[in-house]
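Colleague: I would like a close look at one part of this model, the place where two chains meet. Please take me through it in one go.

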Amino acid sequence: MTDIITKSPALQTTPLATDIPVWRVRLRLLWRGIRTNVALFTENPIGLVGLAIIVVFASLIVIHPILMKSVWDRNVYDPVLGIDLAIPFHPAPPSPEHLLGTDPLGRDVLSQLMHGTRSAFILGSLAAIVNFIVATTIGAIAAYFSGVVDSIFMRIADLVLMMPVITILIVLGSLLNLEMLHLAIVIGILSGLGGTTIIIKSQALTIKVRTYIEAARVAGGNDFHIIFKHIVPNLLPLSFLYMTFTVSAAIAIEAVLSFFGILNIRMSWGVMIHTTQYAGYLLDMSKWWLIFPSSVSISLLTAAFYLVGRALDEIVNPRLRKR
Amino acid sequence: MRRYLLRRIFQNILTFFLFLTAVYLLLDAVPGDFGDLYLSDPRLTPDERQVLRARLGLDKPVLERFGIWLVNLLQGDMGISFSNYPRKVLDVIVERAPRTILLFLSSTVISYYVGFLSGKVLAWRRGGPLEYTTTIAGIALYTVFLPWFALMMVWLFAFTLDIFPIGKFLDPVLWRAAPVDANYVFHRILLTAVIGGLVLFVWLYFAQRLDPAKRRPVGWAGLVVVIVGAFLYWNTSGVGKYALDISHHLLLPIMTLTVVNFAGVMLLTRNSMLETLREDYIMAARAKGLKDAVIRDKHASRNAMLPVATSFILALAFVLDGGVITESTFSWPGMGLTLLTAAQTQDVPMVIGALVFTGVLALTGHLVADVLYAFLDPRIRYS
C-alpha cells in the first residue's frame, strides 16, 4: 500500500511546506491509499458477496444480547442452560416462539446459532491475530537477516508443514483440556509458522532489496527500525490476506473438533452438531432444523472469509492484478 | 541435479527426525504417566508403583527415554496398542494403513486428473458465464463443512436412494462363509488398483505422443483394457464376490472425497493458469500463430502444473487430516478412525504410531515432490 502511495504523482506535487503538519500529510496519504483499494475491492462482486455474508453474521452477534435482554426470557432462551417447559416433546419443529425449533435438550436453536456466531468470530479473529503476529515477524526477520536465522525458521516451517493440523489438535484435545483460547493460539501458531511464513518471507525478500531500505540504512536506521518501520508495513496487505484465510480455517477446524466432542467449549456451531449426533438425529432429515442451521452457517461463514480473501488476493497479489 | 536431490533428501530426513522429536516430546509433556494409571487402586502401594515405574523405564530422564524409543522405532517396535490389546502397534498400522491409502490414493488421483483438466479450460474462458458458475460451485464445494457434506452424501445415496451401504468396511452376513479373510482380499484389491493405475499411466503417457486424432480413442482403449484385465483376474480368482462387496463399501467415500478435493484442485489450477497466461512467452506463442489448444496444452499448462504437482504430493501429508473426518463419518476402519479412537481412549502408543505413519507419508511426499520438481522444472536441472 505504502508502495503505491510513494509512487503516486500526488506525493511529488504535495508542497512540503512547513505549515502542514506531518501527521496530516500521512493521514491524507493513508486515506487516499484506502480509497484506491476500496475502489479496487468493490470492482469485484465476489468480495462484496463475502463481505455481505460476514456483515449479516456480525449483526447476529449484536442482536443476540439485545434480544436476551428485551424479548427473550433467559430461562427459556439461554443458549446453554435454557429449556422450554411449555413444549412436551423436544426437539420441537420451528414455531413462532422458536423460529428454528428446539434441540434435543429443549434449547432454542436460533439462540444457539447466534451465540455460536460470536464464538466463531472470537476464535477466528484471535487465530488470525496470532497468525499475523507470528508470520509477519518471523517472515520479516528471516528475510532481513537471511543466513542461519533464515535456515532455522525455514526448517521449522518445513516441520510445521509436515504436521497434519487436525490430527495434532485431536491428539492434544483428547489428552489435554483444550479451550477456545488455547485452540485459537495453537491454530494461529501452526498456520503462522508453516505456509504463511514462507509466503510472507518471499514477499519480504523482494522488499529487502528495494532502494528505500538502503536509504533507511544509510540514514542510520538500525535493524529493528528497518524491519518494523519499513519492511513490515509493506507486508501488511499480504499478511491481511492470509489472516482472512486463517479465520476460515480456524472456524472449520473448531467445528470439526467440536463435532468429535473433543473441545471444552460450552456452545459453538460444532457443539450443536455434536449434540445432534449424540442424541441420534444425525441422519433424520425430518428433524432438519437440528443439523442444517449450524452446518450451513459454518459453510457460509468459511466461504465468506475465503471469498473476501480471494478478492483481496486480486488486489494484493501483484501477479494477479489487472492493472 | 544430483547435488540438489542429495541435499533435499538430507534436509527431509533431518526434518523427519525433528518431527519424531516433536511428537515424542509433545506426548511426553502431557501430564501423568502410566505409573499414575492405577492411582485409585488401593492394592497398589506407592512402593509397588515405583517398581512399576522403574520397570517401564519411566524413572529415566526424558532424553534417555527418547533415545530408547528411537532405537526401538528403527527396529520396527512401537509397543503394544492398549485399545487393540494384545496386538502390536505396527501390526495394527500394517493392517489399517492400506485401507486409508487406497481410499485416498484413488480419490486424490481422480480428483487431480479431473480438476486439472477442468481448471485449465476454466482459466482459458475467463470472464464467461461458465467460469462464474463453475468458480462459485467450486468455492462452495471447497469451503463446505466436510462432515456435513459427507453426511448429506450418506443420507442421499445410502439412506434414501439405498444405492450404497451406510458406512462400514464389509457386509458381515456375506462374509460368514468366506474362505479367506478380509485383509487377503483387500490387499489384492489394492494391488490391482496400483498395477491398473500404473499401466494406465504408462499407456496414456505414450498415447500423448501419437498424433492428435488417435490420442483419444487410444486413451479410451487403454482404460477398457485395464478394466477388462482386472475383471478377468477377479473372475478367475474365486473371491470376486467378496472383492465386489468391499468395493461397494468403498465407492461412496471415494465419491465424496473426490468431489470435495476436485473443487480445490480446479481453483488452484485456474489461478496457476491465469498467472502463467500473463507470461510473455504465451504472447509469443500466440504471435507465432499457434492454435489455442496447442498454446493451452503444450505451453501454458505445463508450467501451470508445477504448483498443482506440489499440492498433489503435499496432499499426501494431510491424508490423516481428511482421513479422520471421512473415515469416522463412513465408519471406514482406516488410520484416521484408528487415531481418533486411540486419542479418545488415551492409547498413547497407538497415537504415536499413527503420527509416525503420517510423518513417513509426509516425508515420502516431500521427497517425491523434490524429485518430481527436478524433472518438471528445467531451471532446477541446470542449476
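How many residue pairs are in polar contact between chain B and chain A?

Modeller: This is a predicted model. The count between chain B and chain A is seven residue pairs in polar contact, with both residues at pLDDT 80 or more.

On the side of chain B that touches chain A, the elements giving two or more residues are α1 (2-28), α5 (129-143), α6 (146-160), α10 (240-277), α13 (319-329), α14 (335-344) and α15 (348-376) of chain B. Helix α1(B) supplies the largest share of that side, nine residues. Sorted by class, the side of chain B that touches chain A has 33 nonpolar, 10 polar and six charged residues.

As for extent, 49 residues of chain B and 45 residues of chain A take part in the contact. About 4400 Å² is buried between chain B and chain A, and carbon and sulfur atoms give 75% of that area. Within chain B, the residues that lose the most area to chain A are F145(B), W148(B) and E275(B), which together make up 15% of what that side buries.

Helix α1(B) also matters for a second contact, the one inside chain B. The domain assignment of chain B gives domain 1 (2-74) and domain 2 (96-376). Taken over C-alpha atoms, the centres of domain 1 of chain B and domain 2 of chain B are separated by 35 Å. In contact are 14 residues of domain 1 of chain B and 14 residues of domain 2 of chain B. These two domains of chain B bury about 1200 Å² between them, with 83% of it on carbon and sulfur atoms. In domain 1 of chain B, the residues losing the most area to domain 2 of chain B are N12(B), F16(B) and L27(B), together 35% of what that side buries.

On the side of domain 1 of chain B that touches domain 2 of chain B, α1 and α3 (62-74) of chain B are the elements that give two or more residues. The largest share of that side, 11 residues, comes from α1(B). By class, the side of domain 1 of chain B that touches domain 2 of chain B has 12 nonpolar, one polar and one charged residues.

How values were computed. Residues are numbered from 1 along each chain as its sequence is written. Chains are lettered from A and ligands numbered from 1 in the order in which they are written. This is a predicted model: local features need pLDDT of at least 70, side-chain atom pairs count only at pLDDT 80 or more; totals for chains, interfaces and linings use all residues. Side-chain values use heavy atoms; hydrogens and water are left out. Contact means heavy atoms within 4.5 Å. Buried area is the accessible area (1.4 Å probe) that two parts lose on being put together, summed over both. A polar contact is a pair of N or O atoms within 3.5 Å; within protein, one must be able to donate a hydrogen and the other to accept it, and residues adjacent in sequence count only if both atoms are side-chain atoms. Helices (H or I, at least four residues) and strands (E, at least two) are DSSP runs, numbered from the N terminus. Ala, Val, Leu, Ile, Met, Phe, Trp, Tyr, Cys and Pro count as nonpolar, Asp, Glu, Lys and Arg as charged, and the others, Gly among them, as polar. Domain bounds come from an automatic or database domain assignment.
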